Amino acid sequence: MTQSLPRPIANADSKPYWDAARERRLVIRKCKSCGTLHFMPRYLCPGCWSDQLEWVESKGNGTVHSFSIIRRASDPAFVQKVPYVTALIELDEGPRMMANILGEDALSVRIDDRVKLTFENRGDGALLPQFVRA
Amino acid sequence: MKSPASLKNKVAIVGVGESDIGRVPNMTGLGLNAQAAKRALDNAGLKVCDIDGLLTAYSFTEPYFMLGSVMCEYLGLKPRYNASMVVGGASPAVMLKHAAEAIAAGQAETILVCAGENRATGQTRDAAMAALLAVGHPYFEQPYGGSIPGYYAMIARRHMHVYGTTREQMAKLAVQTREHALLHPNAHMKTPLTVEQVLSAKPIADPLGMLDCCLISDAGGAFIVTSAERAADLKAKPIYLQGIGEYHTHEHLMCAPSLTEFGATESGRIAYEMAGLGPKDMDFAELYDCFSIVPMIELEELGFCGRGESGPFVAEGNTRIGARLPINTHGGMLSHAHAGAAGGLFGIVEAVRQLRGGLGARQVEGAEVALVHNEGGILSSHCTLILASDKG
């Protein structure tokens with residue numbers, strides 16, 4: 001049934017991100033000018049507007065900054081999944097990203113829990129970065 | 001950065017109106033706006049030909065391109081100032097700011113501001129869900145099945161974690177808000193609520209249950225803004241804009257600089273500075289309450305209680321009518337109405353009514369100065385305004 005969950009959509013800003021995910025790598029944007037890392041890839045650095053950016057690989061470790069257990073899904077594709085955990089993960093490298101906490105013990109997650117990267121197959125080789133409790 | 005130019009005492013709100021509220025299946029969204037606009041015009045004692053500007057927001061149920069022009073067409077207006085503005089729930093307060101700027105600059109004299117949708121009956125449940133889903137980032141949030149309640153739930157969870165705020169304290173906010181709605185003849189909700197009911201309501205996104213979430217109503221709201229000079233000549237009692245400020249920090253929750261500190265502190269600071277007033281000068285406040293945690297965070301951001309202290313502040317009853325700082329005296333979006341941008345607009349309508357006086361059991365005694373706060377997105381876009389019954 002995983003097939004019916006939404007697949008990632010790549011655009012010009014994010015294609016390298018999703019291509020890396022297909023190789024089970026999580027990559028984030030780093031500004032060559034000011035050194036700031038940011039999540040959600042863009043044309044320029046949101047800190048200093050430099051357009052000299054590079055992709056760096058995250059080690060895939062982080063902490064749960066906050067989370068919610070979704071009991072009622074907005075997206076019909078997720079109705080079969082409830083209850084499930086959406087969480088803001090603070091990567092050890094700094095930036096925060098949205099993800100699900102997967103795994104048997106996901107529903108007992110707490111803020112500040114350590115989590116590590118995994119990937120969820122969304123079909124046709126598309127892999128979505130996800131996290132499990134470390 | 002230099003402070004924005006002052007708009008203090010440049011304009012007044014001279015008329016307010018609400019459409020029929022609740023489930024109103026015999027009316028379109030545009031019709032609800034028109035009904036509210038007609039009532040606001042009557043309330044101001046003005047004629048249609050007096051309106052030379054219109055501002056409106058957006059509609060999920062009737063998603064016209066160029067909604068401002070569509071609204072003018074529907075109302076038969078040919079204004080020289082017109083726009084539709086989309087900063088989510090912050091739109092009504094931001095529209096008041098733009099109206100004040102236009103009037104102060106002489107670009108228009110009398111501007112109708114309206115918003116509203118038939119969200120309860122004008123769309124299927126699936127269509128409503130799909131529209132609201134679009135608030136999540138399409139590429140980096142939506143693949144994870146987030147929801148608007150889910151994003152606000154993460155903010156609530158973080159507040160509970162950092163400050164020890166409890167679900168009971170949030171439930172008390174919802175219960176107090178309902179008590180206020182019961183004093184309002186046009187509120188969507190008409191039955192009392194208990195803390196136990198809020199805590200045992202259908203869970204939506206932990207820690208938020210159904211009764212921590214705003215309503216889905218059919219509703220339209222409108223107000224009319226004119227120059228302070230013109231307002232002085234009208235029969236209706238003018239309510240003066242003393243200060244107004246906006247601040248925008250992000251749109252999607254994953255890009256929020258913090259989950260406990262938001263842009264309301266800065267929008268409030270600008271508004272207070274312009275008015276030459278502070279939180280202690282406010283007789284009451286109409287805060288944005290799409291979820292029970294939101295007005296609590298705004299109480300902190302706007303300086304009505306210390307950071308992290310909103311839980312006890314609300315639970316002790318300080319925000320009830322008759323207490324230290326009544327908030328959401330009409331019942332807010334939790335119990336009066338929520339229909340798109342009309343939700344926050346009703347806070348402005350209620351502030352004007354309170355400042356004019358004569359509301360009976362709902363009246364805040366000695367109400368002379370009020371603060372209204374609107375926010376849009378996931379506590380992303382903020383606008384704070386201060387209104388007063390005289391020029392001060």
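User: How many residues of chain B are in contact with chain A?
Analyst: Happy to start there, with a note on the source: this is a predicted model, where local features need pLDDT of at least 70, side-chain atom pairs count only at pLDDT 80 or more, and totals for chains, interfaces and linings use all residues. Residues are numbered from 1 along each chain as its sequence is written, while chains are lettered from A and ligands numbered from 1 in the order in which they are written. Contact is taken as C-beta atoms, placed from the backbone, within 7 Å. On the chain A side there are 30 residues, and on the chain B side the number is 28.

User: Which helix of chain B gives the most to the side that touches chain A?
Analyst: Helices here are DSSP runs (H or I, at least four residues), as are strands (E, at least two), numbered from the N terminus. Helix 4 (125-133), helix 5 (148-163) and strand 5 (203-205) of chain B each supply at least two residues. The most, 6 residues, come from helix 5 of chain B.

User: What is the bridge partner of B:Asn374 in strand 11 of chain B?
Analyst: Strand 10 (residues 369-376) and strand 11 (residues 381-388) of chain B run antiparallel, joined by 8 bridges. In strand 11 of chain B, the partner of B:Asn374 is B:Cys383.

Definitions and conventions:
Contact = placed C-beta atoms within 7 Å. Pairing = 2+ DSSP bridges.
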